[in-house]
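This briefing takes the reader from the surface and overall dimensions of a protein to a few of its residues. Please keep the sequence and the structure in view while reading.

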Amino acid sequence: MNPEYFMRLAIAEAKKGDAPYGAVIVKDEKVVAVAHNTVSRDHDPSAHAEINVIRHLTAKLKSPSLAGYTIYTTGEPCPMCATACVWANISEIVYGAAIQDLISVNQSQIELTCEQVIAKSFRNIKVTGGILKHECLELFN
């Protein structure tokens, strides 16, 4: 499977949420968890798609470690979500729209990239951005 396939699944999941953010976690080319933003529904400012999918999968696995897993997300993980990826030991982050792209469409963001967060951490997480960027940005129209 290619990254576009998994990003399309994240885009479909994003359409179910309070805000158009979706996340998919993959291991060995298989989807193992999906989630969307539920901040408004749950009255929880931490209920971003990435946090929700990590919580779901770590609970299912009964382990805090997601070593060997890749997360696909429609928007670049914010500092909170990037840090959650660090603590969960995610091996790879793949995103569509970058923080700067999201700011350009008037989405509230903290202007700190996930790569900057990871660089200050103790993990080496591979990051790939720009996968179906335009389709991800279309979610905000």
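About 7100 Å² of accessible surface belongs to the protein, and 52% of that surface is contributed by carbon and sulfur atoms. The model is a predicted one, and every value below was computed from it.

**Overall form**

- The radius of gyration of the protein is 13 Å, which agrees with the value near 14 Å that a compact globule of 141 residues would have.
- Taken along the principal axes, the box filled by the C-alpha atoms of the protein is roughly 35 × 35 × 30 Å.
- Of the 141 residues in the protein, 49% count as buried.

**Helices, strands and contacts along the chain**

- Seven helices and five strands make up the list of elements in the protein, and, read from the N terminus on, they follow the order α-β-β-α-α-β-α-β-α-α-β-α.

**Aromatic pairs**

- The structure contains four aromatic pairs, and one of them is formed by Y21 and F140, whose arrangement is edge-to-face, with 5.3 Å from centre to centre and 65 degrees between the planes.
- This pair links distant parts of the chain, since Y21 sits in the loop between helix 1 (3–14) and strand 1 (22–27), while F140 belongs to the segment after helix 7 (133–138), 119 residues apart from Y21.
- Y21 counts as buried because its relative accessibility is 12%, which is under the 20% cut-off, and F140 is buried as well, with a relative accessible area of 18%.
- The rings of W87 and F122 also form a pair, with their centres 5.4 Å apart, and it is called tilted because the planes stand at 50 degrees, an angle between the limits of 30 degrees for stacked and 60 degrees for edge-to-face.
- W87 lies in helix 4 (residues 79–88) and F122 in the loop between helix 6 (114–119) and strand 5 (126–128), so their pair ties together parts that are 35 residues apart in sequence.
- Are W87 and F122 buried or exposed? Both W87 and F122 are exposed.
- Ring pairs also join Y5, F6 and Y72 into a cluster.

- Which residues does L57 contact, leaving aside its neighbours within four places in sequence? L57 is in contact with I25, V32, A33, L66 and Y69.
- One of these contacts, V32, is 25 residues from L57 in sequence, whereas the C-alpha atoms of V32 and L57 are 7.5 Å apart in space.

- When residues up to four places away in sequence are not counted, D101 touches K133 and L137.
- With K133 there is also a polar contact, made between the side chain of D101 and the side chain of K133 at 3.4 Å.

Notes:
Residues numbered from 1 in each chain as written. Predicted model: local features only at pLDDT ≥ 70, side-chain atom pairs only at ≥ 80, totals over all residues. Heavy atoms only, no water. Phe/Tyr/Trp six-rings, centres within 6.5 Å; stacked < 30°, edge-to-face > 60°. Helix = DSSP H or I, 4+ residues; strand = E, 2+ residues; numbered from the N terminus. Buried < 20%, exposed > 50% of the residue type's maximum accessible area, 1.4 Å probe, protein only. Contact = heavy atoms within 4.5 Å. Polar contact = N/O pair within 3.5 Å; in protein donor to acceptor, adjacent residues only side chain to side chain. Rg over C-alpha atoms; globule rule 2.2 N^0.38 Å. Areas by Shrake-Rupley, 256 points an atom, 1.4 Å probe, with all protein chains shown as cover.
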